[in-house]
Amino acid sequence: MTAIYPGSFDPITLGHIDIIERAARCFDRLYVCVMMNADKKNPMFTPEERMEFVKKAVARFENVQAESWQGLLTDYAVQKGATVLVKGARNVCDFDNEYQMSLINRSIKPDLETLILPASAPYIHFSSSMAREMIRYRQPLQEARLFMRGNGVYLLFDTPQ
Ligand code: PNS
């Protein structure tokens, strides 16, 4: 069974990686897809940078592949032959948003299911938007596994602990 974990990943965090690891155990193949969120028009990282971070983060998972897509998620699912979308939820707010998105996606493609995985306890208080805020103020980013270099280039650690 093939699944897709879509997101803007601006940037990917340990919380995302935890969802990827758990979803990879449930499916034969998992595509982690870097996409555009129309509500987040000014990403901090370019699509290429976000993709580079995601690629490094998923390198250790044999059945996980990083890709990017600029169109409709349901079209991507058709192209990949995927039957499930994976989403993570840290709280009721996330759940409500993902529930609504699942209804929209199912209205477009009724046989495409959404599996909402609850975030693991260590990651419920951290988000990409918090990572962006910390980057802006040059705070250490253990949770996102990002390094800061003098010229403002940020790199994900290559090997998770
Ligand atoms: O990490 P995010 O920002 O919550 O991810 C949201 C994302 C990118 C998965 C969502 O915005 C999305 O699916 N965008 C692609 C366009 C699409 O298919 N929208 C839903 C149907 S209108």
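Predicted model: local features only at pLDDT ≥ 70, side-chain atom pairs only at ≥ 80, totals over all residues.
I'll start with the layout. The protein has 161 residues, and 43% of them are buried. The secondary structure amounts to five helices and seven strands. Reading from the N terminus, the order of elements is β-α-β-α-β-α-β-α-β-α-β-β. So much for the order of elements; next, the core.

In soluble globular proteins, nonpolar side chains tend to be buried together. Here the largest nonpolar core contains 27 residues. Ile-20, Leu-30, Val-32 and Val-86 have the most contacts inside this core. At least two core residues come from each of strand 1, helix 1, strand 2, helix 2, strand 3 and strand 4. Strand 2 covers residues 29-34, and strand 3 covers residues 64-68. Which element gives the most to this core? That is helix 1, with six residues.

Now helix 1 itself. It runs over residues 14-26. At 1.5 Å a residue, its 13 residues should span 18 Å, and the end C-alpha atoms are 19 Å apart, which agrees. The buried residues of helix 1 are Leu-14, Gly-15, His-16, Ile-17, Asp-18, Ile-19, Ile-20, Ala-23 and Ala-24. Ile-20 in that list is also one of the core residues with the most contacts.

Helix 2 takes in residues 47-58. Its twelve residues should span 16 Å at 1.5 Å a residue, and the end C-alpha atoms are 16 Å apart, so the two agree. Which residues of helix 2 are buried? They are Arg-50, Met-51, Phe-53, Val-54, Ala-57 and Val-58. These cover an arc of only 160 degrees around the axis, so they sit on the same side of helix 2. As a reminder, an α-helix has 3.6 residues a turn, so residues three or four places apart point the same way.

Helix 3, residues 73-80, is next. Its buried residues are Leu-73, Thr-74, Tyr-76 and Ala-77. They cover an arc of only 155 degrees around the axis, which means they are on the same side of helix 3. The face turned away from that buried side carries Val-78 and Gln-79, both exposed.

On to the loops. Two local features belong to the loop between strand 1 and helix 1, where Phe-9 lies and where Pro-11 also has its place. Phe-9 has a phi near 45 degrees, a positive value in a residue other than glycine. Is Phe-9 buried or exposed? Its relative accessibility is 2%, so Phe-9 counts as buried, the cut-off being under 20%. The peptide bond from Asp-10 to Pro-11 is cis, with omega near 0 degrees.

Phe-126 and Thr-13 are 113 residues apart along the chain, yet their C-alpha atoms are separated by 8.2 Å.

A second pair of this kind involves helix 5, which contains Glu-133. Glu-133 is partly exposed, at a relative accessible area of 40%. From Glu-133 to Met-44 is 89 residues in sequence, but 10.0 Å in space, C-alpha to C-alpha.

Last, the pockets. The largest pocket holds about 1200 Å³ of space. Its lining has 42 residues, and those nearest its centre are Gly-7, Ser-8, Asn-37, Lys-40 and Glu-98. Strand 1, helix 1, helix 3, strand 4, helix 4 and helix 5 each supply at least two lining residues. Helix 4 gives the most, with seven. By type, the lining has 17 nonpolar, 16 polar and nine charged residues.

The second largest pocket has about 160 Å³ of space. Its lining consists of Val-34, Met-35, Met-36, Pro-47, Glu-48, Arg-50, Ser-68, Trp-69 and Gln-70. Five of these residues are nonpolar, two are polar and two are charged. Which element gives the most to this lining? Helix 2 does, with three residues.

How values were computed: Residues numbered from 1 in each chain as written. Heavy atoms only, no water. Helix = DSSP H or I, 4+ residues; strand = E, 2+ residues; numbered from the N terminus. Expected span 1.5 Å × (residues − 1). Buried < 20%, exposed > 50% of the residue type's maximum accessible area, 1.4 Å probe, protein only. Arc of directions from axis to C-beta. 1 Å grid on protein atoms, 1.4 Å probe; cavity = no way out; pocket = protein on both sides within 12 Å on 5 of 7 lines; lining within 4 Å. Points joined across faces, edges and corners; volume = space filled by probe spheres on them. Nonpolar A, V, L, I, M, F, W, Y, C, P; charged D, E, K, R; others polar. Core = buried A, V, L, I, M, F, W, Y, C linked by side-chain atoms within 4.5 Å.
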